[in-house]
Amino acid sequence: VVDDVYLEGKKLLVADDNDINRTLLKAMLEPTKCIIQMAEDGLEAVSYADESYTAVLMDIHMPNLDGIEACKRIKAQYPNLPIIAVTASVLKDELKTYEDAGFDAVIGKPVLKPKLLEAIARSSWIR
């Protein structure tokens with residue numbers, strides 16, 4: 001299990017259209033003392049994304065712009081920015097789609113805090 005201290009002062013972008021999911025992710029992340037920016041859809045996530053973020057947590061199924069297209073757009077501008085898919089859609093062919101889109105990791109919903117922190121640490125260890 002990852003020690004929370006590694007995220008202190010780090011910026012994370014969380015993109016999810018569901019209020020409850022954003023609230024749960026925020027509750028899991030706040031004790032790590034990281035800085036959290038919330039986005040309600042893929043378009044918002046793309047507009048916020050830049051190299052100052054340690055990682056992006058991205059839902060797949062969102063209005064306006066889904067997580068797959070948002071990931072592709074962000075990776076086109078910031079290829080080294082780690083993007084982690086946070087989704088209930090984790091069938092084998094879906095995982096391949098996420099990998100092809102440029103996601104660095106996938107976390108299945110419901111999200112467990114240890115898995116969340118581990119995925120962030122593993123995808124962003126050099127940042």
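Trainee: Which backbone oxygen does the side chain of lysine 75 reach?
Mentor: Please keep in mind that this is a predicted model. The side chain of lysine 75 reaches the backbone oxygen of proline 79, at 3.3 Å.

Trainee: And where is lysine 75 found?
Mentor: Lysine 75 is in helix α3, which spans residues 67-77.

Trainee: Is lysine 75 buried or exposed?
Mentor: Its relative accessibility is 14%, so lysine 75 counts as buried; the cut-off for buried is under 20%.

Trainee: What is lysine 75 in contact with, leaving aside neighbours within four places in sequence?
Mentor: Lysine 75 is then in contact with Leu81, Pro82, Ile83, Gly102 and Asp104.

Trainee: Let us change topic to α1. Which residues of α1 are buried?
Mentor: Arg22, Leu25, Met28 and Leu29 of α1 are buried. Seen down the axis of α1, the buried residues fall within an arc of 130°, so they line one face of the helix.

Trainee: What does the face turned away from the buried side carry?
Mentor: That face of α1 carries the exposed residues Asp19, Ile20 and Thr23.

Trainee: And what covers the buried residues of α1?
Mentor: The cover includes the strands β1 (11-15), β2 (35-39) and β3 (55-58), together with helix α5.

Trainee: At what angle do α1 and α5 pack?
Mentor: Helix α1 (residues 19-29) and helix α5 (residues 113-123) pack at about 75°, and their axes are 10 Å apart. The two helices are therefore roughly perpendicular to each other. On the α1 side the contact is made by Leu25, Met28 and Leu29, and on the α5 side by Lys113, Leu116, Leu117 and Ile120. Six of these contact residues are nonpolar, none is polar and one is charged.

Trainee: What caps the N-terminal end of α1?
Mentor: Asparagine 18 does, with a side-chain oxygen 2.8 Å from the backbone nitrogen of isoleucine 20.

Trainee: How many residues separate asparagine 21 and proline 110 in sequence?
Mentor: They are 89 residues apart in sequence, and 9.2 Å apart in space from C-alpha to C-alpha.

Conventions: Residues are numbered from 1 along each chain as its sequence is written. This is a predicted model: local features need pLDDT of at least 70, side-chain atom pairs count only at pLDDT 80 or more; totals for chains, interfaces and linings use all residues. Side-chain values use heavy atoms; hydrogens and water are left out. Axes are lines fitted to C-alpha atoms, for helices over the stretch in contact, and angles run from 0 to 180 degrees between N-to-C directions. Helices (H or I, at least four residues) and strands (E, at least two) are DSSP runs, numbered from the N terminus. Angles under 35 degrees count as roughly parallel, over 145 as roughly antiparallel, 65 to 115 as roughly perpendicular and the rest as oblique. Contact means heavy atoms within 4.5 Å. Ala, Val, Leu, Ile, Met, Phe, Trp, Tyr, Cys and Pro count as nonpolar, Asp, Glu, Lys and Arg as charged, and the others, Gly among them, as polar. Buried means under 20% relative accessible area, exposed over 50%, partly exposed in between (1.4 Å probe, protein chains only). The arc is that of the directions from the helix axis to the C-beta atoms. A polar contact is a pair of N or O atoms within 3.5 Å; within protein, one must be able to donate a hydrogen and the other to accept it, and residues adjacent in sequence count only if both atoms are side-chain atoms.
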